[in-house]
Amino acid sequence: MRILVTGGFGFIGSEFSSLAHKSGHHLTIIDKMTYAADTENLSPELKSKACISNLDISDSKTLTEFLSAQESFDYIVNFAAESHVDRSIKNGVVFVNSNVLGTVNLLEYLKNHPETKMLQVSTDEVYGSIDQGSWNEDFPLSPRSPYSSSKASAELFCLSYQTTHNVKVVITRCANNFGPRQSAEKLIPTIISSVLDGRKIPIYGDGHNRREWIYVADHAAALLRIVEGNPKHVVYNIGGTEMTNLELAAQLVQILGVPQSEIVHVTDRLGHDKRYSVNHSRFVLEFGKIQNDEIASSLINTVDWYKSNLEWLHRSQSRLSV
Ligand SMILES: NC(=O)c1ccc[n+]([C@@H]2O[C@H](COP(=O)([O-])OP(=O)(O)OC[C@H]3O[C@@H](n4cnc5c(N)ncnc54)[C@H](O)[C@@H]3O)[C@@H](O)[C@H]2O)c1
């Protein structure tokens, strides 16, 4: 298949690109190369085979010029986004540009290319926060942060273009990812780098906020199954293993071999969602099991990767003020 991957130098986009490349697909990768991207996230072999462009999907003119010079695609997989809730709390504007306008620009391309389908990589955060039980795909969207609002808005544009213009879109709402090559600003890399740098481990508020965690390789594999398959639905939840932030930190601290007293509580995130939980039986029924390994072994792999890739970690840390 000919696949256009946006945000392919980021955390999940690079994992997906590597997997899709190994599976024999031909990739075109566009990325704005923000602080979250790293040129080394893709292998030299993949970079030599793929068509790669440094491009901002919110820049309609440049995007259109680039895409019109390409052979048409079977699939667009849209990872390109600003992805950090804390940054969206500081300033939401770039979230609207990249996450909403960028998606609409891709939908405009789909409007004129009925042969191309799009997979919109979205998040469980679009549902808001749930005290008990789990969301299925029919739950109303109730995003509570500027980040999740931008992702929910992008989804609504996808659905409206589907209704109005008959474009072919699939939307996935996935839980929190972790694994190699995740920007130093996110929770798990922050915990690991705090220990490696000899700093205390900061946990927001009481640490009782609950999230589901999925290993990035499992997420990428789930997305590829949709791209290669014949999805019967438009929206799929993709969940993981639920735990509190404190439980997660405690497991990592144990793996890293430092005392639990290294964990300190810091001022809570504004509007911090209490709990996310998705029911992903729709995906499992159609495409099979999602998680391959116990979360404990995936966390060990992740810690090992950061320990063996300190240069990558320091590069990522150095870009955070951008
Ligand atoms: N990380 C998670 O836990 C998670 C969970 C569910 C869904 N998602 C979604 O998955 C996607 C990828 O997330 P991630 O964690 O890999 O993010 P990331 O921040 O690591 O990577 C995002 C990539 O998109 C690129 N990008 C940003 N704005 C762009 C633009 N305007 N044009 C072109 N490229 C642009 C960045 O340079 C980067 O390479 C996002 O859409 C995110 O909302 C993430």
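Seven strands make up an open sheet in the order β3-β2-β1-β4-β5-β6-β10, and their pairing is parallel. Helices (H or I, at least four residues) and strands (E, at least two) are DSSP runs numbered from the N terminus, and two strands pair if DSSP finds at least two bridges between them.

The model is predicted: local features need pLDDT of at least 70, side-chain atom pairs count only at pLDDT 80 or more, and totals for chains, interfaces and linings use all residues. Residues are numbered from 1 along each chain as its sequence is written, and side-chain values use heavy atoms, with hydrogens and water left out.

Within the parallel sheet, strand β2 (residues 26-31) is joined to β3 by four bridges, and D31 stands opposite N54 in β3. Helix α1 packs on this sheet, touching β1 (2-6), β2 and β4 (75-78), and its direction makes about 165° with that of β2. Helix α5 (residues 93-111) lies across β1, β4, β5 and β6 (168-174), running at about 160° to β5. Contact here means heavy atoms within 4.5 Å; axes are lines fitted to C-alpha atoms, for helices over the stretch in contact, and angles run from 0 to 180 degrees between N-to-C directions.

D31 also belongs to the surroundings of the ligand, where 28 residues are found, the closest being D31, S83, Y147, K151 and N177; a residue counts as near if one of its heavy atoms lies within 4 Å. By class, this shell has 15 nonpolar, nine polar and four charged residues. At least two shell residues come from each of α1 (11-22), β5 (117-123), α6 (146-165) and β7, and β5 gives the largest share, three residues.

| Residue | Part of residue | Distance to a ligand oxygen |
|---|---|---|
| F11 | polar backbone atom | 3.1 Å |
| D31 | polar side-chain atom | 2.5 Å |
| S83 | side-chain N or O atom | 2.6 Å |

The protein covers 97% of the 830 Å² of accessible area that the ligand has on its own, by the Shrake-Rupley method with a 1.4 Å probe.

Strand β7 also takes part in an open sheet of three strands, ordered β7-β9-β11 with mixed pairing. Its edge strands are β7 (176-178) and β11 (241-244). Four bridges join β9 (residues 210-215) to the antiparallel β11, where T241 is the bridge partner of W213.

Note on methods: Polar contact = N/O pair within 3.5 Å; in protein donor to acceptor, adjacent residues only side chain to side chain. Nonpolar A, V, L, I, M, F, W, Y, C, P; charged D, E, K, R; others polar.
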